[in-house]
Amino acid sequence: MIKSMTGYGKGIAELSTGRLTLEIRTLNGKNCDINIKSSLLPKDKELEVRKTLTDALQRGTVDLLLTFEPKAGAAARKIDAAMVEDYFRQIHAIGCKVGIAMPKEEYLEAILRFPDVFEGGKQETIPEEEWPAVQAALQDALTALDAFRVREGAALYADVTSRVAGILALYDEVEAHEAERLDAVRERIRKAAEDLQVKLDKERFEQEMIFYLEKLDINEEKVRLRQHCKYFMDTIDGEPYPGKKLGFIIQEMGREINTTGSKANHAAIQQLVVRMKDELEKIREQSMNIL
């Protein structure tokens, strides 16, 4: 079963100092483009994480977000008493110098609003001993993401395969107009000759007509398009990551449909070709999200 490149997964690591949440979001992309949006990840672990993501996800634009929520005890920030005293002396000295007298309580209240007088409350990086828990959370996020991609892939599969079947059905309708089309072309040329009062040599006319109708023949396009559609189905059913190859097959399908349109010379067939192009464009858009 195919997978979508769009997905979301989350994993949680319970660390000694708090809870670390890992979120992975993926979108479609030609290669595996990984963006790590956090300063919590140790630099020496980044390559390991990137390799884990690349091996698991294969392709797409990948965003990894790490957020840390400290425990209640760890979240209670400690006051740097030495810094508070230093700020107090400086501010009090400035106040005396400029002639501003304030109660000491107001000085202290103002100083405690300074963010740098508090210590802790922030996880700077993940300690080595906590790393196994983070790895487990990363795997949980990847498992959830994979399940999301599988669900999306099932919807993609149902959509694109039904549209391939639709294109084949439309081409069956093209075949129904074949005899009418060739007779109409023959009659149009004969009538044009009569209007121009041109005397036609019957044998020469038939030879030229055969040559002209051969140029309008779409049997090769019909055979090749059906082969491409079969190859599309074989690929989407038989390969784990068919996305890129499907793009090439769609190009070949489009080539046969376009050639059919250029040879059509028939209003009803042209309308069918337009509908086939519309279906193929929707297949192309959807296939860009197939892994």
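This is a predicted model: local features need pLDDT of at least 70, side-chain atom pairs count only at pLDDT 80 or more; totals for chains, interfaces and linings use all residues.
User: Start with α3 and α4. At what angle do they pack?
Analyst: About 125°, with the axes 10 Å apart. Helix α3 covers residues 81-98 and helix α4 covers residues 104-111.

User: So how are α3 and α4 oriented to each other?
Analyst: They are oblique to each other. The crossing of α3 past α4 is right-handed.

User: Which residues make that contact?
Analyst: From α3, Val84, Tyr87, Phe88, Ile91, His92 and Gly95. From α4, Lys104, Tyr107, Leu108 and Ile111. By class, the α3 contact with α4 has 7 nonpolar, 2 polar and 1 charged residues.

User: Now α1 and α5. What is the crossing angle there?
Analyst: Roughly 25°, and the axes come within 11 Å. Helix α1 is residues 43-57, and helix α5 is residues 131-176.

User: What does α1 meet in α5?
Analyst: Trp131, Gln135, Leu138, Gln139, Leu142, Leu145 and Arg149 of α5. The α1 side includes Lys45, Val49 and Leu53. The classes are 8 nonpolar, 3 polar and 3 charged residues.

User: Switching to strands. How many bridges join β1 to β2?
Analyst: 8, and the two strands run antiparallel. They form a hairpin with 3 residues between them. Gly7 stands opposite Thr26 in β2.

User: Which β1 residues are on the covered face?
Analyst: Gly7, Gly9, Gly11 and Ala13. Tyr8, Lys10, Ile12 and Glu14 are on the uncovered one.

Key: Residues are numbered from 1 along each chain as its sequence is written. Side-chain values use heavy atoms; hydrogens and water are left out. Axes are lines fitted to C-alpha atoms, for helices over the stretch in contact, and angles run from 0 to 180 degrees between N-to-C directions. Helices (H or I, at least four residues) and strands (E, at least two) are DSSP runs, numbered from the N terminus. Angles under 35 degrees count as roughly parallel, over 145 as roughly antiparallel, 65 to 115 as roughly perpendicular and the rest as oblique. A crossing is left-handed if the near helix is turned anticlockwise from the far one by less than a right angle, and right-handed if clockwise. Contact means heavy atoms within 4.5 Å. Ala, Val, Leu, Ile, Met, Phe, Trp, Tyr, Cys and Pro count as nonpolar, Asp, Glu, Lys and Arg as charged, and the others, Gly among them, as polar. Buried means under 20% relative accessible area, exposed over 50%, partly exposed in between (1.4 Å probe, protein chains only). Two strands pair if DSSP finds at least two bridges between them.
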